[in-house]
Each structure stands twice: as C-alpha cells, then as structure tokens.
Amino acid sequence: MTRHIHVIGIGAGDPGYVTVQAIEALNDTQVFFAMDKGEQKSDLVALRREICTRFIREPGYRFVELADPKRAADGEYREAVSDWHAARTRIWSAAIAEELGPDGVGAFLAWGDPSLYDSTLRILDAVAADVEFSFDVIPGITAVQALTARHRIPLNEVGEPVLLTTGRQLRERGMSGSAVVMLDADCSFQTCPAHTRIWWGAYLGTGDELLVAGTVGEVGARIAALRTQARARHGWIMDTYLLRAAD
Ligand SMILES: C[S@@+](CC[C@H](N)C(=O)[O-])C[C@H]1O[C@@H](n2cnc3c(N)ncnc32)[C@H](O)[C@@H]1O
C-alpha cells in the first residue's frame with residue numbers, strides 16, 4: 001500500500017470543462033491540497049470548491065490549504081522560480097506526509113491542464129525524493145482550447161506549426177506564423193506589426209468572459225483599455241491570445 005495522488009486538470013474556467021475522468025478522480029479523493037493564492041484570486045479558489053461541491057457524490061473529503069511562498073520579484077527570473085519551487089517542495093512534502101495516511105488518496109487540482117505552464121508536476125517530481133507516493137495525471141481543457149472554441153477558429157493553419165509562448169518571450173524573441181501567448185501582464189502584442197491578426201480572450205469559460213478579434217492595429221488599443229478596466233474591477237485577470245503574422 002502506498003499513498004496515491006491524482007493531479008487533476010479541471011479545465012480553464014467553466015465547470016462544464018471538467019471531464020468524466022476528472023469526476024471519477026474527484027470522487028476517489030480524500031484530501032484536496034490547495035495553494036492559498038491570496039485574496040485577489042479567491043474567485044479561482046471558489047471555483048475549485050464549486051467543482052468539488054458540484055461533482056462529488058459523497059462529500060467525505062477535506063481541503064488542506066498550503067501556504068504559497070512568495071516569489072522574489074527582483075533578481076534573475078529562472079533563479080527566482082527555482083527558489084520558489086524549492087520552497088513549495090518543502091511545504092508539499094510535509095503536507096503529504098502529515099495529511100495522507102499510508103494508503104490515503106490526495107489530489108492537486110490544476111487549472112486547465114497540468115502540462116501547460118503549471119508547476120504541479122515539476123514540484124511533485126521533487127517531492128518524490130522526500131515522500132513515497134504514486135500518482136496519475138488527468139488531462140483538462142486548456143485556456144488555449146477554450147480560446148479557439150469561443151472564437152470558433154482552428155489553432156493552426158493547414159500543416160503549419162504553432163508556438164506556445166509567454167508575453168516576455170514574445171517581446172524578447174518575436175514570432176512568425178501562429179503563436180498563442182499566455183502569462184502576459186503587459187499586452188505584449190503591441191510590439192507586433194499592425195497587420196498581425198489577434199484573437200483575444202479573458203476570463204474564458206466564465207460569466208465575465210471577454211472576447212475581441214481583429215488586427216493589432218485595429219483592436220490592440222481597445223484590448224489594452226478593456227484589460228486595464230477589467231483587471232481593476234476584478235482585482236485579477238487571466239487572458240490569452242492567438243496571433244497570426246501577416247503573410
Ligand atoms: C499559469 S498559466 C496556466 C495555464 C493552464 N494550465 C491551462 O492549461 O490553460 C495561467 C495563464 O493561462 C491563461 N489562462 C488560464 N485560464 C484562462 C482563462 N479562463 N481565460 C483566459 N486565459 C486563461 C492566462 O494566459 C494565464 O496567464
């Protein structure tokens with residue numbers, strides 16, 4: 001007997017994105033480990049709880065909140081992330097050892113899919129050096145899929161690749177062809193040529209969803225203004241966009 005952990009992709013916003021596999025794993029879980037992201041993202045914590053309430057048939061589970069260590073804002077980015085992962089690893093190892101019995105089942109709920117810009121699997125890998133457990137991964141609907149579905153567009157052009165990147169990388173390296181940009185607090189699409197096409201979405205799959213499409217020249221300023229207003233109203237924002245360079 002060994003402890004087991006489900007890493008469950010819960011989709012990127014709409015409880016309807018939760019898959020049948022995810023529902024089975026939710027119902028198999030005794031302890032949900034959740035990072036406390038602070039008040040600004042309490043809407044996201046609430047959505048995780050709503051998913052549990054909606055899909056778990058016999059609510060005998062409990063939530064264990066794990067403090068989320070602060071990431072250093074200054075210094076080199078990768079070094080700051082690596083220190084932050086090490087601090088999380090210590091917190092997770094202790095929590096798994098203390099909160100799960102020898103044959104207990106725990107879960108981490110990953111926003112969207114755990115494979116995409118999510119550190120859960122990397123941290124669990126490090127935790128495995130300290131604590132014995134087995135784990136599996138349940139895939140979820142990513143923000144990328146939510147974005148293309150809501151705009152009703154294909155992700156790639158026929159036979160062509162797509163770059164998945166961040167705002168920082170877009171600013172530093174640029175793009176050609178098609179690119180999906182995530183984790184962009186700075187409207188980095190504004191650095192692209194005006195003819196670049198953009199399909200933008202914020203709070204995808206939620207009641208607050210915002211969608212805008214056009215060229216960067218036509219709609220770039222409007223997206224930036226909408227983003228600022230929405231962020232001020234909610235206290236947080238998650239937005240993603242697909243870019244296609246002009247031929
Ligand atoms: C830490 S990454 C997590 C991505 C997630 N694992 C996924 O599969 O979509 C967070 C970024 O995902 C994007 N994102 C996640 N959910 C979103 C949503 N509902 N609407 C728009 N963008 C979203 C944003 O770019 C945000 O900055």
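Me: Which residue of β4 does H4 stand opposite?
Reply: In this predicted model, strand β1 covers residues 4–9, and β4 covers residues 105–110. The two strands run parallel and are joined by 6 bridges. Within this pairing, the residue opposite H4 is V105.

Me: Which residue in β5 is the bridge partner of I8?
Reply: Strand β1 also pairs with β5, residues 134–138, in the parallel sense over 5 bridges. In β5, the partner of I8 is I138.

Me: How many of the residues of β1 are buried?
Reply: From β1, H4, H6 and I8 point one way, while I5, V7 and G9 point the other way. Residues on both sides are buried. The strand is thus mostly covered, and the number of its 6 residues that are buried is 6.

Me: What is the distance from D118 to the nearest side chain of opposite charge?
Reply: D118 is found in the loop between β4 and α4. This residue is buried but has no salt bridge. Its side chain does make a polar contact with the side chain of T120, at 2.5 Å. The nearest side chain of opposite charge belongs to R48, at a distance of 6.2 Å.

Me: How many residues apart in sequence are the parts tied together by R88 and D68?
Reply: R88 and D68 form a salt bridge, with their closest N and O atoms 2.9 Å apart. R88 lies in helix α3, whereas D68 lies in the loop between β3 and α3. The pair therefore ties together parts whose separation in sequence, in residues, is 20.

Me: Which helix does the salt bridge of E209 and R150 tie to the loop between β8 and β9?
Reply: The side chains of E209 and R150 meet at 2.7 Å, N to O. E209 lies in the loop between β8 and β9. R150 lies in a helix of residues 143–151, so the helix tied to this loop is α5.

Conventions:
Residues are numbered from 1 along each chain as its sequence is written. This is a predicted model: local features need pLDDT of at least 70, side-chain atom pairs count only at pLDDT 80 or more; totals for chains, interfaces and linings use all residues. Side-chain values use heavy atoms; hydrogens and water are left out. Buried means under 20% relative accessible area, exposed over 50%, partly exposed in between (1.4 Å probe, protein chains only). Helices (H or I, at least four residues) and strands (E, at least two) are DSSP runs, numbered from the N terminus. Two strands pair if DSSP finds at least two bridges between them. Lys and Arg count as positive and Asp and Glu as negative; His and the chain ends are not counted. A salt bridge is a side-chain nitrogen of Lys or Arg within 4 Å of a carboxyl oxygen of Asp or Glu. A polar contact is a pair of N or O atoms within 3.5 Å; within protein, one must be able to donate a hydrogen and the other to accept it, and residues adjacent in sequence count only if both atoms are side-chain atoms.
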